[in-house]
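Me: I would like to learn how to read cavities, pockets and helix contacts in a model. Please take me through them one at a time.

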Amino acid sequence: MSSPLLLGVLAGLAVAMPVGPVGVLLLRTGLVDGVRVAVAAACGIATVDLAYAVVAVAVGAPVSRVLDEHAALVRGVGAVVLVVVGAAGLVASVRAARRPPPETGPSAGPSPLGAYARFVGLTAINPLTALTFTTVAVGLALGVAGTSSVVAFVVGAGVASLVWQLLLAVGSGVLGQRLPQRARVVVSVAGAGAVVLAGVALLV
């Protein structure tokens with residue numbers, strides 16, 4: 001029988017590692033807004049993944065069935081939100097391109113707390129996260145029983161997700177510090193456009 005901690009790590013990585021629209025937004029946040037904001041955003045994503053792990057060991061099978069029955073609704077709502085967020089990013093990028101570049105550092109962006117809250121909401125309604133949760137994470141959690149095993153599974157999932165998201169956040173943030181303002185604007189437009197396209201792809 002596999003260790004509950006190892007099962008949790010596998011579940012956390014399974015949910016976190018596929019770089020979907022939220023992952024693209026996290027990379028864009030690091031490149032455009034800097035390390036501090038991106039780290040807060042990464043913590044927001046990991047918070048939701050941790051919550052998914054708790055649900056997986058508590059009431060995973062019933063919730064999985066409910067999400068499966070309403071998959072079209074979940075996908076539709078998530079797609080609309082992604083399109084709106086991406087479009088807002090495009091507008092912000094265009095406005096940033098029209099402003100004179102700052103002398104140093106990244107342009108003014110969201111606060112770390114605002115980024116945390118934003119990414120909690122985006123991750124919670126992300127259809128790809130929900131789909132992975134209803135398959136891999138719930139399946140891995142089925143054999144977990146007992147308080148200590150449950151705690152180990154949840155901790156493993158949460159830590160694995162957090163470490164992966166922090167790697168993306170810090171890596172993109174450090175790279176963003178070395179980019180000139182014009183390059184950050186281009187990255188911002190490309191990232192926002194990719195999120196819009198991902199949302200549209202979910203709708204069609």
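Reply: Start with the lining of the largest cavity, which by class has seven nonpolar, two polar and one charged residues. Here Ala, Val, Leu, Ile, Met, Phe, Trp, Tyr, Cys and Pro count as nonpolar, Asp, Glu, Lys and Arg as charged, and the others, Gly among them, as polar. The model is predicted: local features need pLDDT of at least 70, side-chain atom pairs count only at pLDDT 80 or more, and totals for chains, interfaces and linings use all residues. Residues are numbered from 1 along each chain as its sequence is written, and side-chain values use heavy atoms, with hydrogens and water left out.

Me: What is a cavity, and which residues lie nearest the centre of the largest cavity?

Reply: Rolling a probe the size of a water molecule over the atoms shows where empty space is left. On a 1 Å grid over the protein atoms alone, a cavity is a set of points where a 1.4 Å probe fits but cannot get out; a pocket is an open set with protein on both sides within 12 Å along at least five of seven lines, and lining residues have an atom within 4 Å of a point. Points are joined across faces, edges and corners, and a volume is the space filled by probe spheres set on them. There is one cavity of 30 Å³ or more, and the largest cavity has a volume of about 60 Å³. Of its 10 lining residues, Ala-11, Gly-12, Asp-49, Ala-53 and Ala-157 lie nearest the centre. Helix 1, helix 3 and helix 7 each supply at least two lining residues; helices are DSSP runs (H or I, at least four residues) numbered from the N terminus.

Me: What is the volume of the second largest pocket?

Reply: Its volume is about 200 Å³. Val-15, Ala-16, Pro-18, Asn-126 and Thr-129 are the closest to its centre among 19 lining residues.

Me: At roughly what angle do helix 2 and helix 5 cross?

Reply: Axes are lines fitted to C-alpha atoms, for helices over the stretch in contact, and angles run from 0 to 180 degrees between N-to-C directions. The axes of helix 2 (residues 21–33) and helix 5 (residues 112–125) come within 10 Å and cross at roughly 160 degrees. Helix 2 is therefore roughly antiparallel to helix 5 (over 145 degrees). Contact (heavy atoms within 4.5 Å) involves Val-22, Leu-25, Leu-26 and Thr-29 of helix 2 with Arg-118, Phe-119, Leu-122 and Thr-123 of helix 5.

Definitions and conventions:
Parallel < 35°, antiparallel > 145°, perpendicular 65-115°, else oblique.
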